[in-house]
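Please keep the structure open while reading.

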Amino acid sequence: MLLDFRYEMALDFSDPVEDQYFLLQCIPRDTERQKLIGLRTDVEPETAISMDTDGIGNRRLYGLIRRGHSAFRLKVSGQVETTGALYEEYQDPSDVELYRYIVPSAYTQPGPELQALYSEWDKAAPEDAYGRLIHFGNCAKRILTYVPGTTDVHTTAEEALRLGKGVCQDFAHVLIALLRMDGMPARYAAGLMRGEGESHAWVEANCKGYWYGIDPTNDLLVDDSYIKFTHGRDYEDCMVSRGIFRNPRAVQTMGIAVSVSPQQ
Amino acid sequence: MGTATLGKLDSLFWLGRYTERVYQSISMYREVYDRLIDQDADVYKQECERMGIPDTFESGADFAWKIAFDTSNPLSIISNLYRAYDNAMIMRDEISSETLAYIHLALAEMKRAKKSEAPLMELQNVEDLIFAFWGCLDDKVDNEGVRNTVKIGKRIERLDILLRRNADREDLLREVSRLVARIDTTELPYNRKALLYAAAMVEDEDADYDDIKKMVWDIVPPFL
Amino acid sequence: MQELNKHVKSINHLLERYGVRFGIYKDGMFKEQLFPFDPIPRVIGKEEWDGIEAGLIQRVTALNMFLKDIYGEKKIVKDGVIPPEFIFSSSGYLAACEGLKTPKGIASHISGIDLVQGKDGKWYILEDNLRIPSGASYPLIARDLCRTASPSTFAHIPVADNRNYAKMLRDTMDYVNTGGLNVILTPGRYNAAFFEHSYLAEKTGAVLVYNTDLTVEDDKVYLKSAAGNQRVGAVYRRTSDEYLDPLAFRPDSLIGVPGIFQAMRKGNVAIINAPGNGVADDKGIYYFVPKMVEYYLGEECKTNNAPTYLPYYEEDKKYVLEHFDDLVIKDVAEAGGYGVVFGNTLTKEKKAEFIATIKAEPRRFIAQEVIDFVDLDILDEDGVTPTPRKADLRAYVLAGETVRVWKSGLTRFSRNPDSFIVNSSQGGGFKDTWVLLR
């Protein structure tokens with residue numbers, strides 16, 4: 001399917017700021033499931049935009065606005081061809097790089113809550129790996145209630161579980177933690193989904209070498225309506241935007257608008 | 001000087017101002033202290049008035065101690081020496097450890113004075129050490145920009161103090177001409193208009209000292 | 001040697017004169033205090049030193065090869081020498097450094113290797129510090145002051161002059177410099193080691209800068225001087241990895257330089273030491289250093305590790321639980337003398353609790369035999385009586401065109417007679433370290 005996507009960021013400052021540095025990871029990766037076909041970036045105030053790929057293959061764009069300004073607008077848009085394949089690339093299960101996604105990371109470190117949840121769900125889990133993935137994939141949706149605003153970007157899987165609430169980031173962290181406890185490499189994926197007004201996060205798990213996408217928030221398998229920007233160990237590797245500016249008095253208000261739609 | 005940042009220029013400038021302030025304060029202090037020994041017990045009241053500070057002191061002795069050694073009083077000599085120290089220690093790489101050492105020693109001597117029964121003795125040493133600091137700076141630091149930025153600080157501070165003390169026009173003229181001669185040898189951001197106005201006002205017999213003072217403050221406005 | 005003792009007053013006077021201090025936070029307040037100096041030096045004979053030196057050069061060479069490998073091909077893991085869990089779960093492993101190519105391939109330019117001498121005469125490595133090891137400035141200035149206070153001592157004893165440290169450091173900076181100024185980036189005036197930052201800047205001729213003095217544009221680093229921007233080619237930073245760049249590491253860092261990491265990735269600046277080195281000085285990785293030496297250099301490791309056990313391995317776990325009381329257990333995530341537990345000091349309850357934690361998180365701990373190390377005499381408070389204290393030695397190894405060991409080092413001692421902990425942040429003092437020329 002050919003999808004048009006758009007990611008727009010609007011920052012408004014209460015007081016003019018200088019030396020604003022920005023770095024965004026909102027450019028789709030090329031995978032077996034998706035290919036970036038066209039890309040356009042617009043930024044206001046006008047400045048040069050640099051692009052690069054980090055050490056684990058995620059793309060980013062970044063730039064700097066020196067002169068004083070009170071508003072910042074960044075629009076990234078383009079087309080992605082999605083194939084609808086069930087899985088991403090194949091990665092040999094003996095590849096040591098997979099351990100990156102097996103050991104606990106900062107957001108997915110298990111505590112008593114996760115341990116209890118895992119032992120409970122482990123009892124009813126089927127034998128085969130793919131079956132287990134689907135089994136645990138169902139879990140978050142039953143345990144957590146989707147409530148925006150109750151957690152923030154610092155919330156760990158363990159904390160979200162204690163609250164019983166969260167957003168897609170928390171759902172993903174909980175599932176990642178469970179899968180890793182089960183010995184299955186699992187990673188965080190950030191991107192967009194058709195029909196959602198904001199950026200999204202889900203999980204990819206390596207099952208017998210194949211990376212499967214699973215969306216614990218919606219209890220769905222990832223299909224051709226998803227566009228992936230980045231993947232990594234957890235939220236930290238996939239933060240969509242980072243930035244800093246000069247003026248300690250200025251308060252920043254951020255607005256994000258996204259859209260994904262099939263090309264007409 | 002090439003690599004000096006605005007932050008460094010600021011520290012060097014204030015290092016000049018605070019060392020000069022400590023030096024000048026000690027000489028004034030010596031006079032007042034002497035009079036308080038056996039003459040005029042209320043002399044400190046006039047001193048408060050002249051310095052423009054509220055008289056919150058219990059006695060001449062209380063004044064003498066606090067104005068020199070009370071670290072909680074921002075106007076005290078010791079507080080100004082600490083500020084000189086704060087600016088000096090972050091300039092070690094520019095002024096050298098040798099030069100900085102005199103500020104360390106001055107502070108140690110000041111602490112000794114605080115406990116002394118005859119503090120003028122130790123204060124004399126503080127004064128000597130400040131002279132040694134300036135001398136060392138002049139002699140050991142190759143970078144003219146560094147040396148002169150400290151000196152500009154000294155000149156501005158001296159002008160300010162002279163104006164407060166209603167000094168003679170001649171003294172003012174001498175200081176202003178030293179300032180004009182040196183200020184362009186540094187990268188210190190300054191207000192040339194204010195400098196020229198101040199110089200003209202010093203020459204003008206009718207100019208009011210308070211007005212000159214305000215103009216002098218504008219020569220090197222805060223730039224950080 | 002005893003002669004120096006007579007001059008302890010003059011030496012202390014000189015230390016005060018030059019403001020040889022370090023900062024500590026006590027009750028939430030920043031304070032500066034003198035770093036207690038003991039005039040009795042640690043003396044290392046020429047032959048003994050030659051052995052230490054050869055071992056350290058070998059060790060740091062291997063550690064640099066390891067860092068290059070880990071953020072690149074990871075051959076040592078693929079070949080099964082180090083289990084991958086130990087790499088990826090190390091808090092010092094930074095994913096952002098994957099694929100990073102450092103100027104001239106050096107990641108650990110300044111390594112501080114902590115050693116102790118056992119009563120068997122052998123030297124043991126306690127830990128490798130490859131991030132921002134501090135302390136070299138103290139023996140450097142102390143030697144200068146001791147020579148002033150007691151010239152005759154040095155006229156009669158052939159001690160290697162250690163005042164070449166600044167030159168060595170500068171050579172290292174120049175060697176990796178990508179074109180531009182050398183700067184020393186300090187987190188600020190209220191950092192514990194500010195004295196050292198400013199002293200090393202003075203002695204190496206590098207510019208001492210704060211984060212706001214630097215700016216990055218087009219992936220190049222500049223010093224914002226009053227005369228205009230000037231290109232920077234090497235940054236000896238004393239800011240830790242996580243605070244170095246808010247665009248790459250902790251996004252809330254206010255003491256970082258935004259964009260500096262990307263400038264490094266593009267090869268436009270050398271960062272000394274490179275970010276990500278924590279993966280190699282991790283207490284868990286320590287166990288594998290002798291294996292690294294064999295793997296990368298094909299040589300037998302010349303330095304001795306303290307006998308170390310990893311509860312991660314079943315066999316070792318069994319040993320640790322059986323010999324708990326004889327061992328010192330270290331939490332791999334902690335530093336600065338924290339997170340160190342002597343098995344025999346725990347109460348029964350605490351011990352049971354601790355063992356449960358080890359069983360639950362075996363990767364988090366290492367256990368070591370307690371080395372019975374040689375005490376060094378320090379002068380008692382009366383300034384006359386020598387009293388034995390625990391002491392270690394931090395040796396500084398500088399990697400530039402070649403790998404060199406500074407012929408001196410920081411000998412730290414514990415002031416408390418019962419303590420093994422020598423860190424300055426916990427009240428320890430320091431001694432000069434003499435390497436004899438013959």
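**How the chains meet**

The coordinates belong to a predicted model, and the remarks below should be read with that in mind. Two pairs of chains touch, and of these the pair formed by chains B and C has the most contacts. Chain A and chain B, by contrast, do not touch, their nearest C-alpha atoms being 13 Å apart.

The contact between chains B and C draws 20 residues from chain C and 19 residues from chain B. On the side of chain C that touches chain B, the elements that give two or more residues are helix H2 (8–17), helix H9 (194–204), strand S7 (207–209) and strand S9 (220–225) of chain C. H9(C) provides the largest share of that side, namely four residues. Sorted by class, the side of chain C that touches chain B holds 10 nonpolar, four polar and six charged residues.

**Chain B, a chain of helices**

Chain B has 11 helices and zero strands. Its C-alpha trace spans about 50 × 45 × 25 Å along the principal axes. For 224 residues a compact globule would have a radius of gyration near 17 Å, and the 18 Å of chain B therefore agrees with that expectation. Of the 224 residues of chain B, 45% count as buried. Among the contacts in chain B between residues at least 6 apart in sequence, 65% join residues at least 24 apart.

Within this chain, helix H6 (residues 97–114) and helix H7 (residues 119–140) of chain B pack at an angle of about 175°, with their axes 8 Å apart. Because angles over 145 degrees count as roughly antiparallel, H6(B) and H7(B) are roughly antiparallel to each other. The residues of H6(B) that take part include B:Tyr102, B:Ile103, B:Leu105 and B:Met110, and they meet a set in H7(B) that includes B:Leu123, B:Val126, B:Leu129 and B:Phe133. By class, the contact of H6(B) with H7(B) has 15 nonpolar, two polar and five charged residues.

**Strand arrangements in chain C**

An open sheet of four strands in chain C has the order S13-S16-S14-S15, with antiparallel pairing. Strand S13 (308–309) and strand S15 (340–342) of chain C stand at the edges with a single partner strand each, so one side of each is left without a neighbour in the sheet. Strand S14 (residues 327–331) of chain C is joined to S15(C) by three bridges, and the two run antiparallel. C:Lys330 has C:Val340, in S15(C), as its bridge partner.

A hairpin in chain C is formed by S17(C) and S18(C), with six residues between the strands, and in it C:Gly383 takes a positive phi near 75°. Four bridges join S17(C) to strand S18 (residues 386–389) of chain C, and these strands run antiparallel. C:Leu379 stands opposite C:Pro386 in S18(C). In a regular strand the side chains alternate between the two faces of the sheet.

| Residue | C-beta neighbours inside 10 Å | Class |
|---|---|---|
| A:His200 | 24 neighbours | buried |
| C:Pro258 | 29 neighbours | buried |

A:His200 lies in strand S10 (residues 200–207) of chain A. Leaving aside neighbours within four places in sequence, A:His200 is in contact with A:Cys168, A:Gly191, A:Leu192 and A:Met193. A:His200 and A:Thr82 are 118 residues apart in sequence, and their C-alpha atoms are 17 Å apart in space.

C:Pro258 is found in the loop between helix H10 (241–244) and helix H11 (260–265) of chain C. Not counting residues up to four places away in sequence, C:Pro258 touches A:Tyr21 and A:Ile244 of chain A, together with C:Val216, C:Asp245, C:Pro246 and C:Leu247 of chain C. The C-alpha atoms of C:Pro258 and C:Leu247 are separated by 5.7 Å, although these residues are 11 apart along the chain.

Note on methods. Residues numbered from 1 in each chain as written. Chains lettered and ligands numbered in written order. Predicted model: local features only at pLDDT ≥ 70, side-chain atom pairs only at ≥ 80, totals over all residues. Contact = placed C-beta atoms within 7 Å. Axes fitted to C-alpha atoms, helices over the stretch in contact; angles between N-to-C directions. Parallel < 35°, antiparallel > 145°, perpendicular 65-115°, else oblique. Nonpolar A, V, L, I, M, F, W, Y, C, P; charged D, E, K, R; others polar. Pairing = 2+ DSSP bridges. Buried ≥ 20, exposed ≤ 12 C-beta atoms within 10 Å, placed from the backbone. Rg over C-alpha atoms; globule rule 2.2 N^0.38 Å.
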